[in-house]
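Let's take a walk through a protein model together, one residue at a time to begin with. Have the picture open and follow along.

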Amino acid sequence: MKVLLIEDEAKIASYVTKALTRAGHIVTAIADGQAGLIAATTDPYDVIVLDLGLPGRDGLEILGAVRDRSISTPVLILTARGDVKDRIAGLNRGADDYLAKPFSMEELLARVNVLTRRKGEDASPILRVSDLVMNETTHIVTRDGKTVHLSQREYEVLHFLMLNSGRTVTRTEICEHVWKSALANDTNAVDVYIQRLRVKIDEDAAEKLIQTVRGTGYVMGAKKP
Amino acid sequence: MRTLPLSAKIALWSFALAIMTMGIGYSITAYVLRQEIVSVVQQRAERISKEILGALDHLPPNPTAITKDMLPKSASGIPVEITTAGGESLYRTPALKNKTFSDRPATPHETMVGKLSYYVETQEQRGLKVRVALPLTQVDTSLRRLKVASLAALPFVTLLSLLGGYWVAGRALRPVRRITEAAARITAEDLHQRLPLPAARDEIRKLTNVLNDAFERLERSYLQAMRFASDASHQLKTPLTVMRAAIESLLADAGLRPEQGTVLNDLLEQTRRLSSLTEGLLLLARADAGGIQAQPDETDVIPILERCIEDAEVLGSNAGIRIEKDLPNRFNALADPGRTEQILLNLLENAVKYNRQGGVIRVALDERGNKVVITVSNTGVPIPPERMPWIFDRFARGDRDESRAGHGLGLSIARELAIAQRGDVRLVRSDAEATEFELLLGLPGAKASDNPLIPLLTPAPRPAHPRPARALPFGS
C-alpha cells in the first residue's frame with residue numbers, strides 16, 4: 001500500500017516510516033504542509049497519515065483541501081492535541097481516524113491496516129486463533145465450540161490479544177488499549193487478567209494459546225515448536 | 001420595590017414627580033387666581049364708593065337722610081351703607097335688611113354677609129362714611145372650577161407620567177439592555193467578540209469601553225492559558241512519541257535478552273505514565289482556562305461501574321480487599337461514558353490504594369433529587385481533617401506516604417471531568433469507620449437549568465452523623 005506521511009517532526013517521521021516500511025507499505029514522507037498538500041492532491045495514495053501541527057499549513061486545512069477536491073483517500077490524523085473538540089473538528093472535516101500523540105507504532109500500523117481494509121472488503125466480525133473464536137458483534141467467545149464466559153474486562157483484554165495475534169504485545173499497550181491510560185497505577189492488573197483468561201481458555205485445552213514473552217509481554221497464538 | 005425592573009421604578013418615580021408638580025402648580029394657581037379676582041373686585045368697589053361719594057358731593061354738610069335716587073347708577077343692586085362719621089345710619093340698601101357690616105377699622109377688608117363672602121370697601125369724605133360690599137362668589141366659583149379641572153386632569157397626568165416614564169426609561173435603558181444581551185453572548189467559545197460601541201459619547205459608551213477592556217483582558221489570559229496547554233502538549237508529546245517509538249522498535253528486535261526486555265518494558269511503562277501525567281496536566285490547564293466541555297448523553301452507568309469494580313477487585317486481590325456493592329441491574333444517567341469510567345476508576349483505584357489489608361470497599365447507587373449519586377467508600381486510614389478541604393487540589397494527597405504510586409492529580413482530574421458533565425465529585429466523610437467519596441451525575445429528562453455547573457472549590461458537605469452503609473455482599 002502507498003502511504004503518504006505528512007509530519008514535520010523528523011524523528012517521529014523516521015520511526016513511522018520505518019514501522020510502515022517494515023509492515024510492507026511504501027511510504028512517502030513530507031515535512032512541509034504546503035508540499036504535503038500538493039502531494040496529497042496530485043498523487044494517488046492508499047492512506048494519508050497527517051500530522052495536525054505543521055509549519056506552512058495547518059493539518060486541518062490540508063484535510064479540508066483534500067476533501068474539497070473530492071479525494072476520498074482515507075486520512076489518519078496524528079496530533080498532540082488530545083482534546084475531544086479537536087478530534088470532532090478533525091472527524092467533521094473528513095478524517096477517517098484519529099491517533100493522539102504519543103502513540104504506539106503497533107497501534108498506528110493497526111489503524112492504517114483497518115483504513116486500507118475498510119476501503120476494500122467488508123471486515124468480518126469473526127476473529128479466529130486456532131479453535132478460539134470471537135464474534136465482535138455478539139461478544140460471544142468459544143473455544144473448541146464451547147462458549148467461554150468472560151467479564152467485560154476479560155473480553156477487552158482478549159479482544160486486543162486476538163486482534164494482534166502472532167505479535168508480542170507489551171503490558172503497556174494492553175493497559176492503554178483497555179483502560180485508555182486511565183489506570184494510573186500499575187500494569188499488574190494486566191497480569192491478573194491474563195491469568196484469569198488462561199484459566200478460562202487454556203486450562204482444559206491441550207494447545208495453550210496465550211504465551212508469555214519473558215521481559216516483554218504476551219503473544220496470542222499456538223506455541224511454535 | 002427591589003424586584004421591580006429599573007424602567008418600572010423610573011415610571012413610578014416620574015408619576016410621583018408629576019403628582020407633586022401638579023400639587024404645587026395647583027396651589028400657586030389657586031393663590032394667584034384668588035389674589036387677582038380680589039384685586040379686581042377691590043378696584044371696582046373703590047371705584048363705586050368714590051362715585052357714590054362724588055354723587056353726594058353736592059349735599060350740604062351733615063345731611064340727615066339720603067335716598068336711593070341720590071346714588072349713581074353703578075351703585076344699584078349693590079349692598080351699600082352710608083353713615084355719618086359717628087356711625088349714624090343715613091342710608092341702607094333694602095336688601096341688607098338687618099344685616100350689618102362688622103364695624104372694623106375703616107380699611108378695605110373681606111367679610112361674610114350671610115353665607116356669602118363679600119369684599120367691603122369703606123371710604124370717608126366730609127363726614128360721610130360709605131361702605132360698599134361686593135360679593136366674592138367669583139373667587140369660590142373660580143377655585144371650584146380649578147379644582148374640578150385639576151381632578152379631571154389627574155387620570156391623564158397619572159397615565160401620561162407612568163407610561164411616559166416607562167417609555168423614557170425603556171429608551172434610556174435600551175443600550176444597557178443591548179450591552180447585557182451582547183455580554184451574555186460572549187462566552188468562552190467566542191471571547192473575541194466585543195460589544196458594539198455606541199456613537200454617542202455618553203455614560204453608556206464609557207460602560208461599554210470598560211466592559212470591552214475587561215473582555216480583552218479575559219480573552220488574553222484565556223488565550224494564554226490555552227496556548228500554554230497547546231504548546232506544552234506539543235513540546236511534551238513530541239519527545240514522548242519519539243522515546244516511545246525508539247523503545248518499541250528495540251522491543252520489536254528479536255534476539256533481545258529477557259533482562260533487556262524487562263528494562264525496555266519498564267521504560268515503556270514510564271513513558272506511558274509520563275503521557276498520562278501530561279494528559280492530566282493539560283486537562284487541568286484546559287479546565288482552568290474556561291472549562292472542558294462534554295456532552296453528557298443518556299448512558300447506562302451500571303456496565304461502566306461493573307468494569308471498574310472488576311478492576312478494583314483485581315487490584316485489591318493481593319491485599320485481600322473485599323467489595324460490597326448495591327447496584328440495580330441498569331441505571332441511566334446523563335454521562336459521558338469514557339470520562340465517567342475514568343472518574344470511577346480513579347475513585348475505586350484510590351479505594352484500593354488507601355484501604356487497609358483485608359478491608360472493604362462499598363459501592364452504592366442512589367437517586368437524590370435530580371441527581372444520581374454513586375458512592376464509593378473504603379475502610380482505610382481516615383484522611384486527616386486538616387487535609388480534607390484540600391483533598392481535590394492538585395498534587396494533594398490524603399497522607400504523606402510518598403511510597404504509594406500515583407501522581408496526586410487523580411482526584412482533581414476526576415472532579416474536573418465530573419464538573420464537565422454537569423456533575424461533581426465530593427468527599428462525604430472520612431472517619432475511623434469509612435472514607436466515602438461520591439460521584440454526582442444528572443438524571444435524564446432533567447432540564448439543563450436543573451443541573452447548574454457546581455462552582456469550583458465548593459466545599460464538600462459532610463453530614464454530622466455517618467450514614468449507615470446500605471451495601472449488600474458482593475455477588476448478590
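Start at Leu365(B). Skipping its neighbours within four places in sequence, Leu365(B) is in contact (heavy atoms within 4.5 Å) with Val301(B), Ile302(B), Leu305(B), Asp326(B), Leu327(B), Pro328(B), Phe331(B), Val372(B), Val373(B) and Ile374(B). A quick word on what you're looking at: this is a predicted model, where local features need pLDDT of at least 70, side-chain atom pairs count only at pLDDT 80 or more, and totals for chains, interfaces and linings use all residues. Residues are numbered from 1 along each chain as its sequence is written, chains are lettered from A and ligands numbered from 1 in the order in which they are written, and side-chain values use heavy atoms, with hydrogens and water left out.

Leu365(B) also belongs to the largest nonpolar core, which has 77 residues. Such a core is a set of buried Ala, Val, Leu, Ile, Met, Phe, Trp, Tyr and Cys residues joined through side-chain atoms within 4.5 Å; buried means under 20% relative accessible area, exposed over 50% and partly exposed in between (1.4 Å probe, protein chains only). Among the members that touch the most others are Val157(A), Ile174(A), Leu365(B) and Leu439(B). Helix 5 of chain B (residues 301–316) gives this core its largest share, nine residues. Helices here are DSSP runs of H or I with at least four residues, strands are runs of E with at least two, and both are numbered from the N terminus. There's a second, separate core too, with 24 residues, including Ile48(B) and Val139(B).

Now find Arg362(B), in strand 9 of chain B (residues 360–368). Arg362(B) counts as partly exposed because its relative accessibility is 25%. Its side chain makes a polar contact of 3.0 Å with that of Glu324(B). That term means a pair of N or O atoms within 3.5 Å; within protein, one must be able to donate a hydrogen and the other to accept it, and residues adjacent in sequence count only if both atoms are side-chain atoms.

Next, how do the two chains meet? Chain A puts 45 residues into the contact and chain B 43. Four salt bridges are counted between them, each a side-chain nitrogen of Lys or Arg within 4 Å of a carboxyl oxygen of Asp or Glu. One salt bridge pairs Glu156(A) with Arg307(B), with the closest N and O atoms 3.8 Å apart.
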